[in-house]
Amino acid sequence: MLENFSFRTIVEYLPLFGHGFLATLWLSIVSFAGALAVGIILCAMNLQRSRLSQIPAKMYIDAIRATPLLAQLYFLYFGLPRLGIVLPELVVGILALSLNSGAYIAEIIRAGILSISRGQVEAGVASGMTYTQRMRLVVLPQAFRVTIPPLLGQAIVLVKDSALLSLISVSELTRAGQLLASDRFMPAEGFITTAACYLLLYYGLKGLAALSGRWLGVRPVGSRT
Amino acid sequence: MIWQQFQSLIGSYPLALRGLGMTVMLSLISLVLGTLLGFGLGILRTGGNQLISRLIGAWVDLIRGTPFLVQIFLIFFILPEIGIELDAFTAGIIALSNLAACFICEIVAAGIRAVPTGQVEAALASGLSRWQRMRRVVLPQAMRISLPPLVGQYVLLIKDSSVVSAIGLTDLTQVGWLVVQRVPNGLLVFAIVGIGYFAVCYPLILLARRLERRMGAAHGEVQL
């Protein structure tokens with residue numbers, strides 16, 4: 001039974017978990033920024049009229065969505081050295097998370113832009129606005145409003161997905177739990193502490209999503225969290 | 001060089017088939033268990049009892065708020081400590097079914113909540129019992145709303161099953177990991193692994209999209 005659950009060991013390992021917590025936090029932030037960049041580029045390619053730019057974007061998004069992140073991570077981890085590109089595990093991990101989340105973010109942004117009614121765009125045309133003006137002054141400000149909550153939902157997914165980086169030995173939260181579990185044979189202490197740290201991040205982001213929904217007057221995060 | 005690698009890859013096809021079989025089996029079993037459990041939880045979640053509803057909500061939040069990898073480790077390493085011996089396969093099934101049940105619970109609950117109260121009141125006025133109301137009036141309508149996200153959830157489940165390789169089950173991802181130790185060509189090996197998952201997941205993604213479009217059309221919405 002768990003009657004010998006050792007809080008003392010957890011306190012002893014607290015610096016390790018603090019380090020892991022911060023590592024997860026900042027590598028998630030960096031990956032999310034990367035994912036936003038990838039998502040915006042993919043979405044822009046997808047919204048062009050020309051098939052030449054649409055098809056590669058669509059293929060990329062489908063390929064990412066139909067394969068697991070872990071396989072994508074291993075693809076980069078074992079594949080990049082093959083191309084003569086040797087990167088630290090942390091960089092490979094951030095790259096994989098950005099490329100993966102980017103595909104989902106592209107769809108979120110696209111849904112946001114398409115949710116703006118046709119009449120708005122037509123009104124922009126009728127007022128003599130150019131394409132850039134219509135995008136910048138009419139479509140994007142409104143699309144921004146509806147995309148913030150699902151983007152925060154994607155951020156939650158990304159934070160949880162970052163746990164997989166422990167499998168290529170990046171030192172983050174889950175890795176900290178694994179270390180405690182294997183050093184002291186205390187899996188309960190290790191993984192319950194890890195889970196508690198993730199819950200902290202989850203409730204923080206969830207609160208932020210609810211708050212942003214209230215500010216922006218849209219409903220909170222969708223089902224994909 | 002490449003040719004030799006190809007040959008040795010072709011040589012390991014029994015392993016690859018075993019991995020694909022394991023992935024499909026894990027996903028199928030947890031899909032069935034998770035769906036049954038998820039529907040039950042979803043119905044209880046929207047049922048009258050506040051306490052039960054809160055408890056389910058709290059459990060769903062716990063599962064949604066932690067990485068699946070951590071959940072697997074917790075189940076695989078901690079259940080034996082409290083006296084429940086289990087092998088990696090059972091641990092994988094428990095973790096995946098629980099994960100699926102939690103997400104499906106929320107999908108079903110959202111579907112049930114979307115059924116107009118007038119429908120339930122009409123059923124009540126017609127003298128249908130609680131069970132009849134659920135089965136004949138609410139669930140059929142809730143299903144229409146829940147079906148597209150449900151299929152989407154199955155895709156996520158299949159992809160999440162790759163994480164069980166972390167506790168040593170030889171699923172498709174683990175096979176890739178094993179093969180890449182012998183054939184040092186990560187690009188080729190994991191591209192093939194990816195194709196395996198793609199072949200299973202992509203048809204489901206297309207199905208989800210089709211269902212979504214059809215539901216959209218049924219509700220008279222205009223696709224832009």
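Two residues are taken to be in contact if their C-beta atoms, placed from the backbone, lie within 7 Å. Among the contacts in chain B between residues at least 6 apart in sequence, 76% join residues at least 24 apart.

This is a predicted model, in which local features need pLDDT of at least 70 and side-chain atom pairs count only at pLDDT 80 or more, while totals for chains, interfaces and linings use all residues. Residues are numbered from 1 along each chain as its sequence is written, and chains are lettered from A and ligands numbered from 1 in the order in which they are written.

Helices (H or I, at least four residues) and strands (E, at least two) are DSSP runs numbered from the N terminus, and chain B has 9 helices and 0 strands. Its C-alpha trace spans about 75 × 50 × 25 Å along the principal axes. Of the 224 residues of chain B, 38% count as buried, a term that requires 20 or more other C-beta atoms, placed from the backbone, within 10 Å of a residue's own.

The contact between the chains takes 36 residues from chain A and 38 residues from chain B. On the side of chain B that touches chain A, helix 9 of chain B gives the most, with 11 residues.

| Class, side of chain B touching chain A | Number |
|---|---|
| nonpolar | 25 residues |
| polar | 9 residues |

**The nonpolar core**

A nonpolar core is a set of buried Ala, Val, Leu, Ile, Met, Phe, Trp, Tyr and Cys residues joined through C-beta atoms within 7 Å. The largest has 108 residues, and those with the most contacts inside it are A:Tyr74, B:Leu69, B:Ile72, B:Ile104 and B:Cys105. Helix 5 of chain B provides the largest share of this core, 15 residues. Leaving aside neighbours within four places in sequence, B:Cys105 is in contact with B:Gly38, B:Leu41, B:Gly42, B:Arg45, B:Ile56 and B:Val60.

A:Tyr74 is one of the buried residues of helix 4 of chain A, and this helix (residues 69-79) is mostly covered, with 11 of its 11 residues buried.

**A helix pair in chain A**

A:Tyr60, A:Ile61, A:Ile64 and A:Arg65 in helix 3 of chain A meet A:Asn100, A:Ala103, A:Ala106 and A:Glu107 in helix 5 of chain A. By class, this contact has 5 nonpolar, 1 polar and 2 charged residues.

Methods. Ala, Val, Leu, Ile, Met, Phe, Trp, Tyr, Cys and Pro count as nonpolar, Asp, Glu, Lys and Arg as charged, and the others, Gly among them, as polar. A residue is buried if 20 or more other C-beta atoms lie within 10 Å of its own, exposed if 12 or fewer, and partly exposed in between; C-beta atoms are placed from the backbone.
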